[in-house]
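This report covers selected side-chain interactions and surface features of one structure. The sequence and coordinates come before the details.

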Amino acid sequence: MFFEFIVLGLSVANAVIAPLTYWKIYNWWDFYIPIVIFIATYIIALLLELLFLQIMGMALKYAHKTMPNNKIITHRARFFLRSGLQLILFHCNVWTKTKGLAKLPKNERFLLVCNHRSNFDPMISIVELMKYEVDFITKDDNMKIPVGGNYLKTLNFLPVDRSDPMQSLQMMNKAAELIENDVCSIGVYPEGTRGHTEKMLPFHEGVFNIALRAQCPIVIVTVKNTDKVKKNAPFKRTKVNHDIVTVLPYEEFEGKTAKAVADLVRDIMENNLRRYEQHE
């Protein structure tokens, strides 16, 4: 929340200083002055912050083209991407509770798989798992998002066109190579698109070939309540459960088909989500 603290700090400071200097309060009915100053400062500071993030994104994308394997560039890109996403989550009044971080592999890349309920799902995983360097297979349109798109291109987010099976296969192979070469871990949503009911959609089994080819662990994650953010924001808080359910070592699914791995992962996800339903 580094940038959010800056925005709030500037707004509060200006709301306190202004009535004592350039916009003085002389009558009790001028009580609105600090409120107006705070809101105006907050909006201006927020817009300047977004402009700064856009400029940094463009600069890092350009630097990445000239030095594609520079870890300092990717580290900075992750920091600024996370900061931008934290701003979005803060203003959407999202409170995230992440459980199971201790289960994550410490010195090994992995394939992260998660159920898909909302566009907020990857935002939350990126923020919560930044130090684990997880990049996602994502829709091609997401690479064109203002501000954020520059950071996705600087990192190893892989755009995929769902209507082109050949291109999808190439992205799967590229994802496996990134894991094999210790570049980053990869996150995928086996459902392929957001579900609109509590029941998960059928899995695209092919994504599990990434782990089979890379011979890496599969980290199983579930999210709960992200579909409520759009309805609740910004005035009602949304409590999101972000669980690292378990980690499947490669030895546990070695030799299995992608369908068998998909069925195993789906059962684990459904069992974990069912626990929440039983407590509601």
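Predicted model: local features only at pLDDT ≥ 70, side-chain atom pairs only at ≥ 80, totals over all residues.

Glu270 is partly exposed, at 24% relative accessible area. Both residues belong to helix 10 (residues 258–279), where four residues, about one turn of the helix, separate them.

## Other salt bridges

The whole structure contains nine salt bridges. One of them joins Asp227 and Arg117, whose closest N and O atoms are 3.0 Å apart. Asp227 sits in the loop between strand 6 (218–224) and helix 8 (229–232), and Arg117 in the loop between strand 2 (111–114) and helix 4 (120–128), so this pair ties together parts 110 residues apart in sequence. Arg117 is buried at 11%, whereas Asp227 is partly exposed at 31%.

Lys144 and Asp140 also form a salt bridge, at 3.8 Å from N to O. Lys144 is exposed, at 59%, and Asp140 partly exposed, at 35%. Arg109, Glu133 and Asp182 are linked in a salt-bridge network.

## His242

His242 lies in strand 7 (residues 238–248) and is buried, with 0% relative accessibility. Its side chain makes a polar contact of 3.2 Å with that of Thr98. Residues touching His242 include Ile124, Glu128 and Val221.

## Nonpolar surface patch

A nonpolar surface patch, with about 760 Å² of accessible area together, is formed by Phe31, Tyr32, Ile35, Val36, Ile39, Ile43, Leu47 and Leu50. Tyr32 is in helix 2 (residues 32–66) and is partly exposed at 38%.

Notes
Residues numbered from 1 in each chain as written. Heavy atoms only, no water. Helix = DSSP H or I, 4+ residues; strand = E, 2+ residues; numbered from the N terminus. Buried < 20%, exposed > 50% of the residue type's maximum accessible area, 1.4 Å probe, protein only. Polar contact = N/O pair within 3.5 Å; in protein donor to acceptor, adjacent residues only side chain to side chain. Contact = heavy atoms within 4.5 Å. Patch = residues over 30% accessible without salt bridge, like charges linked within 9 Å, V, L, I, M, F, W, Y side chains within 5 Å. Areas by Shrake-Rupley, 256 points an atom, 1.4 Å probe, with all protein chains shown as cover. Salt bridge = Lys/Arg side-chain N within 4 Å of Asp/Glu carboxyl O. Lists of a residue's contacts leave out its neighbours within four places in sequence.
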